[in-house]
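User: I am new to this structure. Please take a close look at its salt bridges and walk me through them.

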Amino acid sequence: MWCSNDYLGMGQHPKVIKAMVQALKLYGAGSGGTRNIGGNTNLHVQLENELADLHNKEAALVCTSGYVANEAGLSTLPSLFPQGAIYFSDEENHASMIYGMRYSKLGKKDIRVFKHNDIKHLESLLEASNNDIEDKDKVKIIVFESVYSMSGTISPVETIKDIAKRYGALTYIDEVHAVGLYGKRGGGVTQERGIDIDIISGTLGKAFGTHGGYLAGSSLIIDCIRSYSPSFIFTTSLPPVTVAGSIASIQHVKESEKERKLLHEHSKFMKKRLQEENLPVLPSASHIVPLFIGNPNVCKEVSDVFFKEYQIYVQPINYPTVPREQELLRLSPGPLHTHDKIENFVAAAKKIWTRFSLVNYEELQERLKVRIHQ
């Protein structure tokens, strides 16, 4: 399995499984209702305290998924400001963020998109907004991710924070593909770089190996979202058994860097070996290893061959998850992907690339140069 988002293997960790078995026996299978009625337990409160501590924030709010967390936060935020608000959104933001902003009461003109990780474009949009009489008093909110899950790029968090200070903007970051994996205690890229972002969204369903999503921020903002977001208010809460597993996982990841270090070591080794064998690994600053193909039908065929002939499971990534002609295999080596397993993957990939006459690493670099020039 080369495409799982259970990045650290915590879904199989003995501590997590033990906590879930105990909770299942004590609480039963389901939560029994929404958080505001019958679905709130001491475990839910404990989990929110663990998450607030993880991110060094005053409060956290647990939702039923990372998608719901973004939808809840971004659809509700603008309604908290009587003077109005404007979103400034990276063009590669996740669908949950895009739809969260669309579900807010803002019109299209108040959702402004900047080119991916393009600081100059972001600043030009903020500057234009500051000079617009209609925008003058509106609250500006910059919305972006730390790690972009398909390309593997990492946003310039420090620079975005500096720009936000300069223009008096709030900052909202999605750390879904970074929590557990970066920072001394697994708090994400913001923790690793020591940057204070106003609102952080994260997930329990990736590096923590369970299920659910959350928001972390000031007590005031979190309480407002808790009080006004339909996505939170009208949804049955996470089962206590899932919450118990999440608590055990977060506590372990805070204390242990073992899995985190192995993940980054294996990711770097895999990128190195793919490049050495002239296989088209895309540049990636994160743990994600994107292997370029550039054709949707071939991408599916390659995935099938990996599985049927080599017992390697990796799903094709096609439009709309990535733009057309940028189809790829998204590899996520983790602590359990040893060097031997990586060598087996590379050997299989070499044979498949030859069979399908696919673009190699050197050819890909030439294409990227042309794209940058254009």
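Analyst: Start in helix α12, which covers residues 296-310. Both Asp304 and Lys300 lie in this helix, 4 residues apart, or about one turn. This is a predicted model. Asp304 and Lys300 form a salt bridge, and their closest N and O atoms are 2.9 Å apart. How covered are the two partners? Asp304 has a relative accessible area of 25%, so this residue counts as partly exposed. Lys300 is partly exposed too, because its relative accessible area is 40%.

Some bridges share partners. Lys272, Arg273, Glu276, Glu277, Glu343 and Lys350 are joined into one network in this way. Side chains of opposite charge can pair when their charged atoms come close.

Now turn to Asp110. Its salt-bridge partner is Lys109, with 3.7 Å between the closest N and O atoms. Is Asp110 buried or exposed? Asp110 is buried, because its relative accessible area is 8% and the cut-off for buried is under 20%. Lys109 is partly exposed, with a relative accessible area of 48%.

Next comes the pair of Lys138 and Asp135. They form a salt bridge whose closest N and O atoms are 4.0 Å apart. Lys138 is buried, and Asp135 is buried as well.

How many salt bridges are there in the whole structure? A search of the whole structure finds 22.

One last stop is a patch on the surface. Met1, Phe307 and Tyr313 make a nonpolar surface patch of about 310 Å². Met1 sits in the segment before α1, the helix of residues 14-27. Its relative accessibility is 52%, so Met1 counts as exposed.

Terms used: Residues are numbered from 1 along each chain as its sequence is written. This is a predicted model: local features need pLDDT of at least 70, side-chain atom pairs count only at pLDDT 80 or more; totals for chains, interfaces and linings use all residues. Side-chain values use heavy atoms; hydrogens and water are left out. Patches are made of residues with over 30% relative accessible area and no salt bridge: like charges are joined within 9 Å, nonpolar side chains (Val, Leu, Ile, Met, Phe, Trp, Tyr) within 5 Å. Accessible areas come from the Shrake-Rupley method with a 1.4 Å probe; for residues, only the protein chains shown count as cover. A salt bridge is a side-chain nitrogen of Lys or Arg within 4 Å of a carboxyl oxygen of Asp or Glu. Helices (H or I, at least four residues) and strands (E, at least two) are DSSP runs, numbered from the N terminus. Buried means under 20% relative accessible area, exposed over 50%, partly exposed in between (1.4 Å probe, protein chains only).
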